[in-house]
Amino acid sequence: KILKKPEPTVNEGEVLIRVKACGLNFQDLMVRQGAIDSPPKCPFILGFECAGEIELIGEGVEGFAVGEQVVALPEYKAWAELVAVPAKYVFKLPQGMTPQDAAAITMNYIVAYILLFELGGLSNGKSVLVHSAGGGVGQAVAQLAKTIPDVTIFGVCSKSKHEALKASNSPIDHLLERSNDYVAEIRKVLPDGVDIVLDCLCGEECNRGYSILKPMGRYILYGSSNVVTGETKSFFS
C-alpha cells in the first residue's frame with residue numbers, strides 16, 4: 001500500500017536523505033516472502049538501497065553536507081520519499097553518476113566485490129564458476145572479475161538468459177546451462193577444475209560444484225536462492 005507517514009526524524013550519527021531512486025533486489029524478495037530469520041513486524045517499509053540528496057544531518061556526523069548526492073544502504077525503509085540512515089552506510093556519488101545508476105549497482109557490486117576479492121582472493125590466471133550468472137550479482141561478478149588479467153569465467157544459468165547475456169556483451173567466457181552436465185563441460189576446458197566456485201543456490205548444486213573445485217580452491221556459499229523456492233531455511237539459520 002501507499003501510505004502517508006510522519007517524516008522520519010534524524011538521530012545522532014544519521015543523515016536524512018530525500019530519495020530519488022531506490023532498488024529492488026533479491027533480499028527484498030526474501031523478506032517479502034518471509035524467508036529470513038526474525039523479520040520485522042508488520043507494517044514496515046521495505047527497501048535496502050536508495051540514492052538521493054542529503055536534506056538534514058544529525059549530530060556527530062562529519063564529512064557530509066546538506067545538498068550532497070549520495071547512495072545509501074539502509075536496513076529497510078528505502079521505499080519512501082525520506083529515509084534516515086546511519087552515516088556509515090552512506091556514500092557520496094562520483095560526479096556524473098545518476099541516482100538511478102547508483103541505486104542499481106551499489107548492493108550487487110559490493111556483494112560481488114567481497115565475494116571475489118575479500119573472500120575469493122581472485123588473482124591473475126584464476127578461474128571462476130558463478131551460478132545465476134544472469135542475475136544482478138552474477139553480472140557484477142563477471143564484470144569485476146575481468147578487471148584481473150587472464151581470468152576465465154564460467155557462468156551457469158537457465159537457457160532463457162543466454163541470449164540476453166550475449167546481446168549485452170557479457171564478459172563471461174563460457175555460458176553453461178544448469179539443466180545440462182555443466183561439470184563435464186568445464187572439465188573439457190579445464191581438466192583440473194576451477195579455483196573459485198560462487199554458489200547462491202546451495203542445496204543439490206553443492207556436490208556438483210565441489211566436484212569441480214581444484215585442490216586448494218575456494219567454495220563460497222552466499223545468498224541462498226533456493227530458500228524462496230520452498231527449501232528449508234534452516235541451512236543458513
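A residue is termed buried when its relative accessible area is under 20%, exposed when it is over 50%, and partly exposed in between (1.4 Å probe, protein chains only). The structure is a predicted model, in which local features need pLDDT of at least 70 and side-chain atom pairs count only at pLDDT 80 or more, whereas totals for chains, interfaces and linings use all residues. Residues are numbered from 1 along each chain as its sequence is written, and side-chain values use heavy atoms, with hydrogens and water left out.

Helices (H or I, at least four residues) and strands (E, at least two) are DSSP runs, numbered from the N terminus. Six of the six residues of strand E9 (residues 194-199) are buried, so this strand is largely enclosed by the rest of the structure. Strands are said to pair if DSSP finds at least two bridges between them. E9 pairs in the parallel sense with strand E6 (residues 127-131) over three bridges, and with strand E10 (residues 213-221), also in the parallel sense, over five bridges. Val 197 of E9 stands opposite Leu 129 and opposite Tyr 219 in E10.

Phe 26 lies in helix H1 (residues 26-32). This residue counts as partly exposed because its relative accessibility is 32%.
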